Amino acid sequence: MKLSVSGRAAAAAVVAATTLLATGSLAGAAPATPDVAAAPDLPVANVKAHLSQFQSIATANGGNRAHGRTGYRASLDYVKAKLDAAGFTTTVQQFTSSSRTGYNLIADWPGGDTTRVVMAGSHLDSVTAGPGINDNGSGSAAVLETALAVSRAGLQPTRHLRFAWWGAEELGMVGSRYYVNNLSSANRSRISAYLNFDMIGSPNPGYFVYDDDPTIEQTFKTYFSGLGVPTEIETEGDGRSDHAPFKNVGIPVGGLFSGADYVKTSAQAAKWGGTAGQPFDRCYHSSCDTIANLNDTALDRNADALAYAVWTLSS
């Protein structure tokens, strides 16, 4: 779903005003710039192309992309190759969990104020039961496509941009916690925002926004308001994804979610469509979480909201 140029400009103005009024950690952010108005509409076909690669990787590696398995490392190698070719500086961080080696992938875009870092991240691992295309290929593919859009645009943000793909989230946010715990206090203080994307293409979707940092929250709400899509506060996954380690050390966090195994209510179905009385994702943590287990509209809207937030908060 695409905002018109005039719609994006209007949304940017609202974000700028909200930023100046917010009491959160980003309250000192600069007003929105023309780059915000030019935040890209990410082709959902591009996001789905990455997901098809994750599906193929899982199929070729025992049906999953789980921590410590060959499918996880192949997924990381795929993402890393795309980022290296696009001009990012990539770092693979190694850790151990459950007697298996895990990996985080960190990608930094050159330039921007490195004392004010905006991060966007997602977990790249699946459970062992299936390929994990919605959970969390969807978030990983959208973060990757946003990073590639930064490169295509030659973006020169005011703040430094960093993207991350976490390992072993399904074992308890192990990779993201390892990353945060190994940051110096000075480097923690340099991260002005961490945006998390875990399950954003659920087949019976809702539109949920984290209610943590008020400026980040309002940025996402403004985007969806511009589409005429109502949102709700995210509660199902609160504290259960990779934003938690960042939040626990005082870093401002936010993110998006389209629902897991909670059941969609009649009121939510009236608001968003879909099927009341059924889970947002009936294939959550199951073998049927395949490339067929997606809602393209939700994936498209959430990916575009991700890009909009990256452009806005880094300006």
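A disulfide is taken here as a pair of cysteine sulfur atoms within 2.5 Å. By this rule the count in the predicted model comes to one disulfide. The bond is formed by Cys-283 and Cys-288, whose sulfur atoms lie 2.1 Å apart. The torsion about the S-S bond of this pair is about -115 degrees, so the disulfide is left-handed. Cys-283, at 1% relative accessibility, counts as buried, whereas Cys-288, at 28%, counts as partly exposed.

The protein chain has eleven helices and eight strands. Of its 315 residues, 57% count as buried. Among contacts between residues at least 6 apart in sequence, 77% join residues at least 24 apart.

Helix H5 spans residues 133-153 and is mostly covered, with 18 of its 21 residues buried. The helix is followed by Gly-154, which has a positive phi near 60 degrees. Asn-136 also has its place in H5, and the peptide bond that joins Asp-135 to Asn-136 is cis, with omega about 5 degrees.

Glu-145 is a further residue of helix H5. Its relative accessible area is 2%, so Glu-145 is buried. With neighbours within four places in sequence left aside, Glu-145 is in contact with Leu-42, Asn-46, Val-47, His-50 and Arg-152. One of these, His-50, lies in helix H3, which covers residues 44-60. The side chains of His-50 and Glu-145 are joined by a polar contact of 2.8 Å. His-50 is buried as well, with a relative accessible area of 5%. When residues up to four places away in sequence are not counted, His-50 touches Tyr-78, Ala-141, Leu-144, Glu-145 and Leu-148. Ala-49 also lies in helix H3, but this residue is partly exposed, with a relative accessible area of 38%. Ala-49 and Glu-145 are 96 residues apart along the chain, and their C-alpha atoms are separated by 9.9 Å.

Backbone geometry was examined next. Most residues other than glycine have a negative phi, and most peptide bonds are trans. Met-173, which is not a glycine, has a positive phi of about 55 degrees. Its place is in the loop between strand E4 (159-166) and helix H6 (174-181). At 15% relative accessibility, Met-173 counts as buried. His-285 likewise has a positive phi, near 60 degrees, in a residue other than glycine. This residue lies in the loop between helix H10 (266-272) and helix H11 (296-313). His-285 is partly exposed, with a relative accessible area of 31%.

The largest pocket has a volume of about 220 Å³. Its lining consists of 19 residues, of which Glu-169, Asp-198, Arg-240, Ser-241 and Tyr-284 lie nearest the centre of the pocket. By residue class, the lining divides into seven charged, six polar and six nonpolar residues.

Terms used
Residues are numbered from 1 along each chain as its sequence is written. This is a predicted model: local features need pLDDT of at least 70, side-chain atom pairs count only at pLDDT 80 or more; totals for chains, interfaces and linings use all residues. Side-chain values use heavy atoms; hydrogens and water are left out. Buried means under 20% relative accessible area, exposed over 50%, partly exposed in between (1.4 Å probe, protein chains only). On a 1 Å grid over the protein atoms alone, a cavity is a set of points where a 1.4 Å probe fits but cannot get out, and a pocket is an open set with protein on both sides within 12 Å along at least five of seven lines; lining residues have an atom within 4 Å of a point. Grid points are joined across faces, edges and corners, and a volume is the space filled by probe spheres set on the points. Ala, Val, Leu, Ile, Met, Phe, Trp, Tyr, Cys and Pro count as nonpolar, Asp, Glu, Lys and Arg as charged, and the others, Gly among them, as polar. Helices (H or I, at least four residues) and strands (E, at least two) are DSSP runs, numbered from the N terminus. A polar contact is a pair of N or O atoms within 3.5 Å; within protein, one must be able to donate a hydrogen and the other to accept it, and residues adjacent in sequence count only if both atoms are side-chain atoms. Contact means heavy atoms within 4.5 Å.
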